[in-house]
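Reader: I'd like to go through a model with you, feature by feature. Could you give me the general idea each time and then the case at hand?

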Amino acid sequence: MEQYKEKLKFQNVIFGIGCLVLAVFAILAIGSELGWFRILHPATSDEHWKSTWYGYIFGSTIGVFAVLLAGLIRNIRALKDEGKLKKMFIEAHDERNIQVQTLARNTAMQILLCLGLVATIISGYFSVCVSITIFVCIWISSSVNLLLIWYYNKKL
C-alpha cells in the first residue's frame with residue numbers, strides 16, 4: 001500500500017506540473033486573442049481562422065486542465081482517507097479490470113489503424129499533405145506496436 005501511496009504522490013506532481021503548463025498555454029491563447037500579447041501565432045493569415053484557432057487552443061487546454069485537476073483532487077482525497085485509498089487500490093489492481101482494459105485497447109488500436117488506412121486513401125483525393133500525415137501516424141503507431149510485441153515476447 002505504501003508503494004501505491006508513493007505512486008499517487010508522484011502522479012500528483014505530474015498532474016500539478018501539467019496543470020501549470022496548461023494554464024500558461026490557456027493564458028497565452030486567450031491573451032493572444034484579446035491582443036494582450038502575440039506569442040502564439042497560428043499558421044493562417046485569415047483573422048477569422050486565427051480567432052477560431054485561439055478558441056480551440058483555449059478550449060482544449062481548459063478541458064485537459066479540468067481532467068488533470070479532477071485527478072489531482074481525487075488523489076489528494078484518497079491520500080487523506082484510508083477507505084478511499086483502499087478502494088482506489090483495489091480498482092487499480094483488479095485483474096479482471098486490467099484484462100478488460102488491455103483487450104479493449106488492443107481492439108481499439110486495430111480499429112484505429114484500419115480506419116487510418118481508409119482515411120489515408122480518402123484524404124489523398126483532397127490533400128496530399130493530410131494523406132501523408134495520416135500515413136506517417138499509422139506507420140509510427142504500427143512500428144511502436146511491433147516493437148512492443150517484440151519486447152514483450154523477449155521479456156515474458
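Reader: How many aromatic pairs does a search of the whole structure find?

Author: Keep in mind that this is a predicted model. In general, a pair of aromatic rings is described by the distance of the centres and the angle of the planes. Here the search of the whole structure turns up 3 aromatic pairs. One of them is Trp53 with Tyr56, at 5.0 Å centre to centre and 20° between the planes, which makes the pair stacked.

Reader: Where do Trp53 and Tyr56 lie?

Author: Both sit in helix H2, which covers residues 47-80. Trp53 and Tyr56 are 3 residues apart there, about one turn of the helix. As for solvent, Trp53 has a relative accessible area of 41%, so it counts as partly exposed.

Author: Compare that geometry with another pair, Tyr151 and Tyr152: their centres are 5.1 Å apart and their planes make an angle of 70°, so the call is edge-to-face, as planes over 60 degrees apart are. Tyr151 is partly exposed at 39% relative accessibility, and Tyr152 is partly exposed too, at 43%.

Reader: Let's move on to charges. How many salt bridges does the count come to?

Author: The general idea is that side chains of opposite charge can pair when their charged atoms come close. In this model the count comes to 3 salt bridges. Start with Lys5 and Glu2, whose closest N and O atoms are 3.8 Å apart. Both belong to helix H1 (residues 2-34), and their spacing of 3 residues is about one turn of the helix.

Reader: Are Lys5 and Glu2 buried or exposed?

Author: Lys5 has a relative accessible area of 18%, and since buried means under 20%, Lys5 counts as buried. Glu2, at 53% relative accessibility, counts as exposed.

Reader: Which parts does the salt bridge between Lys5 and Glu82 tie together?

Author: That bridge has an N to O distance of 3.9 Å. Lys5 lies in helix H1 and Glu82 in helix H3 (residues 82-93), so the pair ties together parts 77 residues apart in sequence. Glu82 itself is partly exposed, at 43% relative accessibility.

Author: Glu6 is partly exposed at 47% relative accessibility, and Lys9 is partly exposed at 44%.

Reader: Last one, pockets. What volume does the largest pocket have, and which helices supply its lining?

Author: The volume is about 430 Å³. Helix H4 (95-123) and helix H5 (128-155) each supply at least two residues of the lining, and H4 gives the largest share, 6 residues. Among the lining residues are Arg105, Asn106, Met109, Leu148 and Ile149. Tyr152, from the edge-to-face pair with Tyr151, is one of the lining residues as well.

Reader: And how many residues of each class does the lining of the largest pocket have?

Author: Sorted by class, the lining has 5 nonpolar, 5 polar and 1 charged residues.

Terms used. Residues numbered from 1 in each chain as written. Predicted model: local features only at pLDDT ≥ 70, side-chain atom pairs only at ≥ 80, totals over all residues. Heavy atoms only, no water. 1 Å grid on protein atoms, 1.4 Å probe; cavity = no way out; pocket = protein on both sides within 12 Å on 5 of 7 lines; lining within 4 Å. Points joined across faces, edges and corners; volume = space filled by probe spheres on them. Helix = DSSP H or I, 4+ residues; strand = E, 2+ residues; numbered from the N terminus. Nonpolar A, V, L, I, M, F, W, Y, C, P; charged D, E, K, R; others polar. Phe/Tyr/Trp six-rings, centres within 6.5 Å; stacked < 30°, edge-to-face > 60°. Buried < 20%, exposed > 50% of the residue type's maximum accessible area, 1.4 Å probe, protein only. Salt bridge = Lys/Arg side-chain N within 4 Å of Asp/Glu carboxyl O.
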